[in-house]
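Colleague: I have a new model open on my screen and would like to learn how to read it. Could you take me through it feature by feature?

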Amino acid sequence: SIRGPRGGADDAVPAQPQRLPARHRGLVRRHRQAPRDDAAPGARVPGLADAVGARGCGHRPRRSRAVDANVPKREDLGGELQLCGRDVRALMKDLGVDAPVLAYKRIRAGNGERAVRTDDDPHGDVDDPERGRCYVDVKDGDAFRCEGATIRALHTPGHTPDHVVFTLEEEGSMFAGDCVLNGNTTTFENLGEYTASLRRMAEALPRGGALYPSHGDVVEDGHKKLEEYMRHRSMREEMFMEALKEDWATRPERGGMTASELCRAVYAHQVSYLVLVTACEGITRQHLAKMTEEGR
């Protein structure tokens with residue numbers, strides 16, 4: 001498949017650079033305890049030091065979990081979550097944690113990634129969590145718990161085959177990853193899978209729940225944004241169909257249009273040339289593949 005840059009799209013600015021997995025880079029500088037404005041009285045998400053303290057976070061003691069939060073600064077949180085580009089081991093040392101830091105992601109076995117064997121997942125093929133490209137495999141439906149918070153994994157392929165979003169059950173919200181951005185649409189490797197993932201996210205997100213995207217501000221009305229995304233993709237397909245029909249009606253001797261010609265017919269007056277050539281042609285090909293699979 002043809003892939004556009006991550007994090008950008010047909011109506012977007014160019015993509016932001018990729019981050020390394022949390023076991024290698026980044027994490028959080030500081031997070032004070034504070035509720036959302038609309039949270040129940042007394043509700044709190046524990047601070048980072050508590051969440052990754054010596055007891056660990058989750059169901060296995062004496063092992064710590066690290067999460068690349070990638071959350072924009074929000075004054076209403078009473079603190080800030082900020083990537084600081086530091087090695088996670090150094091950060092854990094500052095917090096007084098000596099245990100190994102496990103990195104979690106959905107494994108892409110065909111991409112050279114390997115699963116770490118744990119008590120909860122004895123079917124992994126690697127015992128050493130410090131080895132490169134080795135992760136605890138995140139499966140659909142897996143739940144991760146710490147005091148005051150439960151997040152549950154939802155496999156949402158399309159943007160990439162291994163993409164996962166997480167519901168925050170106590171708040172009825174969702175960490176949307178790269179499936180949904182605030183202000184832009186996103187790129188995808190498989191449009192059919194991506195469309196199905198948007199529907200699945202809408203089913204899993206409670207009404208009124210917020211989305212926390214990997215790029216952009218918090219989306220307060222998550223269902224509205226998901227519906228906008230699904231309508232946008234349907235609108236694009238109709239635009240492609242109309243362009244193809246018009247070309248066939250006016251120039252049948254040509255036998256149709258190339259993907260590049262179709263891309264320019266639909267997008268040329270809407271985006272910059274850079275976005276046109278780096279993202280939109282790949283998106284056009286994805287739409288054509290999906291419409292072909294559907295017999296359109």
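This is a predicted model: local features need pLDDT of at least 70, side-chain atom pairs count only at pLDDT 80 or more; totals for chains, interfaces and linings use all residues.

Colleague: What does Val-180 touch?

Modeller: Leaving aside residues up to four places away in sequence, Val-180 touches Leu-198, Met-201, Leu-211, Pro-213, Lys-225, Leu-226 and Tyr-229.

Colleague: Now the helices, please. How do helix 4 and helix 6 cross?

Modeller: For a pair of helices, look at the distance between the axes and then at the angle. The axes of helix 4 (residues 222-250) and helix 6 (residues 273-293) come within 11 Å and cross at roughly 85 degrees. Angles of 65 to 115 degrees count as roughly perpendicular, so helix 4 is roughly perpendicular to helix 6. On the helix 4 side, the contact is made by Arg-233, Arg-236, Glu-237, Phe-240, Met-241 and Leu-244. Helix 6 answers with Ile-283, Thr-284, His-287, Leu-288, Lys-290 and Met-291. By class, this contact has 6 nonpolar, 2 polar and 4 charged residues.

Colleague: And the sheet: what is the order of its strands?

Modeller: In a regular strand, side chains alternate between the two faces of the sheet. Here, an open sheet of 5 strands has the order 6-7-8-9-10 with mixed pairing. Strand 6 (143-146) and strand 10 (211-213) are the edge strands, each pairing on one side only. From one strand to the next, the twist averages 20 degrees.

Colleague: How many bridges join strand 6 to strand 7?

Modeller: There are 4, and the two strands run antiparallel. Arg-145 stands opposite Thr-150 in strand 7. Their hairpin has 2 residues between the strands, and Gly-148 takes a positive phi near 85 degrees there. Strand 7 also pairs with strand 8 in the antiparallel sense, over 5 bridges, where Arg-152 has Thr-167 as its bridge partner.

Colleague: Is strand 7 mostly covered or open?

Modeller: Mostly covered, as 5 of its 7 residues are buried. Helix 3 (residues 191-204) lies across strand 7 (149-155), strand 8 and strand 9, running at about 155 degrees to strand 7.

Notes
Residues are numbered from 1 along each chain as its sequence is written. Side-chain values use heavy atoms; hydrogens and water are left out. Axes are lines fitted to C-alpha atoms, for helices over the stretch in contact, and angles run from 0 to 180 degrees between N-to-C directions. Angles under 35 degrees count as roughly parallel, over 145 as roughly antiparallel, 65 to 115 as roughly perpendicular and the rest as oblique. Contact means heavy atoms within 4.5 Å. Ala, Val, Leu, Ile, Met, Phe, Trp, Tyr, Cys and Pro count as nonpolar, Asp, Glu, Lys and Arg as charged, and the others, Gly among them, as polar. Two strands pair if DSSP finds at least two bridges between them. Buried means under 20% relative accessible area, exposed over 50%, partly exposed in between (1.4 Å probe, protein chains only).
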